[in-house]
Amino acid sequence: MMAAAEPRPPPSPRIPVRLRLWPDRLGIVGPGLPSWAAARPILAGQSPYAGPAPLDPQPCLLPARERRRTTFTIRLALATAEQALTGMAPPDEDGPAETRLPPGGSEVPVVFACSGGDTEIIHRICTALVDPARPVSPGDFHNSVHNAPAGYWSIATRDCSPTVSLSAFDASFAAGLIETATQILAGAERVLLVAYDVPAPEPLWRCRPLAGAFAVAMLLGRADAPGEGITLTLELCRGATQTALVPPDLEALRIGNPAARALPLLEAVARRRAGTVILPHLPGRQLAVRLARTEPLP
Amino acid sequence: MALSFEAFTLVTCLGQGVAAHRAALADCRSGLRPCRLPEVELDTMVGAVDGLADAALPDRLARFECRNHRLAWLGLQSDGFARRVAELRAAVGAERIGVFIGSSTAGIDRTELAYRHRRHTDGALPDWFDYRHTHNAFSPAHFVAEALGLDGLAVVIATACSSSAKAFAAADRHLAAGLCDYALVGGVDSLCLTTLYGFNALELVASGPCRPWDRRRRGISLAEGAGFALVARRPPGDAEGPMILGYGESSDAFHMSAPHPAGAGAAAAMRKAIAMAGLTPADVDQVNLHGTGTTANDLAEDRAILDVLGDAVPCRSTKGATGHTLGAAGIVEVLLMSLGMTAGLLPGMPTTLEPDPVLGARIGRWPEPHVSRRALSNSFGFGGSNCALLLGTGAT
């Protein structure tokens with residue numbers, strides 16, 4: 001069907017993939033890291049890492065009625081995304097949700113990166129399917145889709161901007177960062193990247209043992225956005241050594257949860273350190289992320 | 001810039017490969033049949049692919065064993081697709097072909113089976129269960145890359161029924177960024193208890209065949225399918241056959257499993273696709289409806305169509321023929337639309353017997369000769385995820 005000597009398309013341009021990151025538009029929820037505000041001094045080496053503590057992420061933007069229908073995975077992703085979008089730490093008590101959105105509301109496309117989806121619900125559904133009555137809950141089913149957090153996020157923010165939900169297994173954070181970059185290169189002003197993963201309950205846990213729930217979010221923008229910030233330059237590479245974290249507890253978290261592969265990038269931001277971090281991508285490959293302080297125009 | 005189809009293929013209940021689907025479209029055939037899957041006691045019709053039991057995976061891919069990958073394997077072997085990929089791999093290098101697969105449930109059938117065989121002593125799943133290579137969301141892309149010896153970017157887009165339509169959008173952006181020279185875009189989803197009983201719990205499954213746009217429509221017919229396309233960026237009109245000239249994505253921001261009743265998000269996605277292609281709504285001469293056959297979807301989509309395009313443009317849903325292939329629907333249906341455009345034929349709607357007088361979009365029961373140059377394909381998923389693809393032939 002195809003002609004033998006068919007002209008090939010022109011080779012793709014090798015353009016530098018550059019984005020803007022803002023140090024106060026990050027979010028994190030993980031063991032002993034309940035918010036970016038709390039995590040920043042820990043990653044900067046100024047406060048000690050106290051180790052895991054119970055997590056109870058509560059997304060303020062989602063009305064209580066909707067929140068009751070959600071799972072831990074959904075709440076984790078949304079609570080983390082909120083921090084990055086609003087630049088605000090989670091409140092001690094619930095504040096009115098509307099005031100927490102940036103002025104003019106939010107119209108920000110979002111990339112959700114998760115290696116395995118909502119394994120708590122998958123376990124419940126697979127357990128129900130063994131019962132001859134097959135009592136699958138309708139709410140569980142529509143919450144089981146990989147893009148459930150994305151659906152709730154758009155409902156919470158009343159934002160019709162497109163979202164994408166993806167997986168690249170352990171490379172999900174890098175894949176999410178790359179997808180975010182391609183959207184910005186294609187013309188998006190700002191894109192929110194949210195990476196999250198939650199350990200499965202048994203009997204699935206031992207098939208996919210994750211070291212605790214973890215989520216990270218960052219608001220990213222065009223490299224030529226006005227104002228101060230950090231410029232990230234991304235490059236795919238091979239044979240490079242992943243950047244590790246020095247504190248053993250944090251390093252264990254990094255290699256124990258796919259979303260926590262972002263930690264070296266967050267550490268570099270917390271330490272205000274220019275240079276390159278090497279993030280793992282697909283097996284044998286890495287994503288090099290060079291950080292440089294953006295020079296504000298005079 | 002546009003996306004050309006360097007090669008493509010598909011497998012559904014209508015058959016394996018392009019020729020089988022061309023014939024099925026011309027014959028206005030439905031592949032929906034009463035569900036005979038073991039373990040399923042629902043009164044429902046499905047679009048099941050014949051021959052999956054015989055589509056054994058080669059030994060080197062044994063760890064990927066699941067219904068979804070057998071279906072993918074059948075697809076990759078059709079129409080010389082794998083061979084074409086190998087030719088391009090030799091020409092540009094394995095690391096310059098990116099893999100973008102849409103799937104909603106991947107190989108969950110293996111997990112469902114494993115749960116039926118938990119160890120009595122401690123409830124553990126059996127030793128043969130390989131979560132990473134079957135059920136995990138990324139496994140369809142991993143499988144395709146491994147099967148074809150590709151070593152570049154790979155990612156799975158998992159946004160329910162819009163997955164493989166959105167995979168085209170992701171592929172285009174990655175190509176534009178210079179991260180690969182070709183993109184293998186695909187979609188694959190297979191029949192499983194989760195979706196059969198899950199959609200049933202939501203009361204969205206019809207007992208007879210789905211009847212898009214029919215007055216008596218009662219819900220979807222679940223189906224399985226695989227579609228694959230090798231695409232590259234070229235100037236519009238610079239390739240034989242239809243090309244993707246634009247795409248539009250949006251969110252409903254309304255409800256997890258019901259569409260926005262006015263179809264606002266759907267309309268936004270359609271408008272964006274038309275605008276990206278440098279066109280106006282008046283240029284669109286055909287629509288492939290998402291057309292699942294639920295009361296809510298067809299009503300909302302009809303409103304979106306009337307709002308954006310009016311009641312004159314011919315619209316068709318192919319889900320009466322193939323059923324709803326979920327994550328594969330985006331690519332399967334845009335490929336079916338492409339086949340129709342090349343043949344100068346609008347598909348019929350074999351299960352739509354009595355059009356709903358409340359709906360205004362211009363549908364048709366039978367195949368019709370039709371010259372289409374600018375065609376829109378809709379895919380809308382749970383969580384309010386909308387994607388429209390604009391397919392065009394010839395220069396702009």
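In this predicted model, α8(B) supplies the largest share of the lining of the largest cavity, with three residues. That cavity holds about 350 Å³ of space, and 27 residues line it, the closest to its centre being Ser144(A), Val145(A), His146(A), Ser104(B) and Thr105(B). Two elements give two or more residues to this lining: α4 (119-130) of chain A and α8 (193-201) of chain B.

In total, the structure holds six cavities of 30 Å³ or more.

| Cavity | Volume | Lining by class |
|---|---|---|
| Largest | about 350 Å³ | 14 nonpolar, twelve polar, one charged |

Most residues other than glycine have a negative phi, and most peptide bonds are trans. Arg272(A), however, has a positive phi near 55 degrees; this residue sits in the loop between α9 (263-270) and β7 (275-280) of chain A and counts as exposed because its relative accessibility is 61%, with the cut-off at over 50%. Ala253(B) has a positive phi near 50 degrees and lies between β9 (243-251) and α9 (264-276) of chain B, in a loop. At 16% relative accessibility, Ala253(B) is buried.

Finally, the peptide bond from Glu202(A) to Pro203(A) is cis, with omega near 5 degrees. Pro203(A) is found in the loop between β4 (190-197) and β5 (214-222) of chain A.

Conventions. Residues are numbered from 1 along each chain as its sequence is written. Chains are lettered from A and ligands numbered from 1 in the order in which they are written. This is a predicted model: local features need pLDDT of at least 70, side-chain atom pairs count only at pLDDT 80 or more; totals for chains, interfaces and linings use all residues. Side-chain values use heavy atoms; hydrogens and water are left out. Helices (H or I, at least four residues) and strands (E, at least two) are DSSP runs, numbered from the N terminus. Buried means under 20% relative accessible area, exposed over 50%, partly exposed in between (1.4 Å probe, protein chains only). On a 1 Å grid over the protein atoms alone, a cavity is a set of points where a 1.4 Å probe fits but cannot get out, and a pocket is an open set with protein on both sides within 12 Å along at least five of seven lines; lining residues have an atom within 4 Å of a point. Grid points are joined across faces, edges and corners, and a volume is the space filled by probe spheres set on the points. Ala, Val, Leu, Ile, Met, Phe, Trp, Tyr, Cys and Pro count as nonpolar, Asp, Glu, Lys and Arg as charged, and the others, Gly among them, as polar.
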